[in-house]
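Colleague: I am new to this structure, so please take me through its features slowly, giving the general idea before each case.

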Amino acid sequence: MGRSSVSLLVGLLLLRFNWCLAVHGGGVGEVGGVFPMVVSTWPFREAVRAAWDVVSAGDGGGSAVDAVVAGCSACEVLRCDGTVGPGGSPDENGETTLDALIMNGATMEIGAVAAMRYVKDGIKAAKLVMEHSLHTLLVGEKATDFAISMGLPGPINLSSPESLEKWANWRQNHCQPNFWKNVAPVDSCGPYHPINLAQALDSAKHEVEWSQGGVCQERFQSDSLLEPIHSHLKFIDRHNHDTISMAVIDKMGHVAVGTSTNGATFKIPGRVGDGPIPGSSSYGDDEVGACGASGDGDIMMRFLPCYQVVESMRQGMEPRDAAMDAISRIARKFPNFVGAVFAVNKKGVHAGACHGWTFQYSVRNSSMHDVEVITVYP
């Protein structure tokens, strides 16, 4: 097969699976002087600048870990897109809770908090878990107690007028859409109770057939039955289901990654997404490089895409191939999912891949005058 034929085939496959892909770095990543380096999901320029100020300071620069904390903290304060830090993404009860993770790629130490209430500093709490406990993940009110005991301010109401207004409007819309499935009632607020889907459909089918014959037979085909189960996919986008995931490589070549989010809007209380899950929202290793992810965390955490990206690069894949491979693994099983990853190897070459939306990630290294935003088109 000729080279042009191969190129055409690859193009058709990309269209078929609705992938999107971008790569940047080229020769830049292969030469000296590229470090330090900061990469982040989305055009969160101020967060990248905050991380850059730390990692580029002085002769030796700050550590990758401290830079990640500075960058993610900036996003928490700025409430990036309303999906990071306090004041956004209310759950079904109108409350905002935080998930965060930090990982030291030199030591492979990790600290994380999930469903944390009443403390606004998610990434700092995660760092405290990493530095002052032998645990990896603390959750709920016990994570709150730990963070406050270690000196973080709290308890603090994490809701805002905007988040409460959003929640009130959702309640007025009969709590639609939501993240429940196979429950009743289906078109109003809870409390909900489980139903046997097969029995309920069989009963409804017999009722319709008795009253209308076979007119509505197609309503009971398996394809139509899946729609209510996947209806939550219709309201997953950057502004209600998003994360800052950041990777930093410092002047010594050490890698750190971090993630901070207030989770999915109108989530079921107690839900933990991919944000605090190592290998899902982010992952890094000094020997290889790093990855950050954003999207439908409930789907993505089943595949640990960032662990997959780093391990693929360890086996010799270039960042764009590793990113594309991780996304394609999810798309084969869940063709309607929405998500993206960025990948950066230890040479500083970076790339992104996505599915179901247009993705952007931000980069700053020593060859740039300011943050550059890379767009990954569908």
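Modeller: A crossing of two helices is called left-handed if the near helix is turned anticlockwise from the far one by less than a right angle, and right-handed if it is turned clockwise. Helices (H or I, at least four residues) and strands (E, at least two) are DSSP runs, numbered from the N terminus. This is a predicted model, in which local features need pLDDT of at least 70 and side-chain atom pairs count only at pLDDT 80 or more, while totals for chains, interfaces and linings use all residues. Residues are numbered from 1 along each chain as its sequence is written, and side-chain values use heavy atoms, with hydrogens and water left out.

Colleague: How many helices and strands are in the chain?

Modeller: The chain has 11 helices and 15 strands. Of its 378 residues, 50% are buried, where buried means under 20% relative accessible area, exposed means over 50%, and partly exposed lies in between, using a 1.4 Å probe and protein chains only. Contact means heavy atoms within 4.5 Å, and among contacts between residues at least 6 apart in sequence, 66% join residues at least 24 apart.

Colleague: Returning to handedness, which hand has the crossing of α10 and α11?

Modeller: The crossing of α10 and α11 is right-handed. For the geometry, axes are lines fitted to C-alpha atoms, for helices over the stretch in contact, and angles run from 0 to 180 degrees between N-to-C directions. Helix α10, residues 305-314, packs with helix α11, residues 319-333, at an angle of about 140°, and their axes are 9 Å apart. Angles under 35 degrees count as roughly parallel, over 145 as roughly antiparallel, 65 to 115 as roughly perpendicular, and the rest as oblique. The pair α10 and α11 is therefore oblique.

Colleague: Which residues in α10 and α11 meet?

Modeller: From α10 come Pro305, Gln308, Val309, Ser312 and Met313, which meet Pro319, Ala322, Ala323, Asp325, Ala326, Arg329 and Ile330 in α11. By class, this contact of α10 with α11 has eight nonpolar, two polar and two charged residues; here Ala, Val, Leu, Ile, Met, Phe, Trp, Tyr, Cys and Pro count as nonpolar, Asp, Glu, Lys and Arg as charged, and the others, Gly among them, as polar.

Colleague: At what angle do the axes of α2 and α3 cross?

Modeller: The axes of helix α2, residues 45-55, and α3 cross at roughly 150° and come within 7 Å. These two helices, α2 and α3, are therefore roughly antiparallel to each other, and their crossing is right-handed. On the α2 side the contact is made by Glu46, Ala47, Ala50, Ala51, Val54 and Val55, and on the α3 side by Asp66, Ala67, Ala70, Gly71, Ala74, Cys75 and Leu78. By class, the contact of α2 with α3 has 10 nonpolar, one polar and two charged residues.

Modeller: Helix α3 also packs with helix α4, residues 122-132, at an angle of about 150°, with the axes 8 Å apart. In that contact Val65, Asp66, Val69, Cys72, Ser73 and Glu76 of α3 meet Gly122, Ile123, Lys124, Lys127 and Met130 of α4, and by class it has five nonpolar, two polar and four charged residues.

Colleague: Last, which residue does the UniProt annotation "active site" cover, and is Thr243 buried or exposed?

Modeller: The annotation, from an unreviewed UniProt entry, covers Thr243; UniProt positions are given in the numbering used here, feature names are shortened, and annotations may be inferred rather than shown by experiment. Thr243 lies in the loop between α8 (222-229) and β8 (244-249), and it counts as buried because its relative accessible area is 5%. Leaving aside neighbours within four places in sequence, Thr243 is in contact with residues including Thr41, Trp42, Phe44, Thr259 and Ser294.
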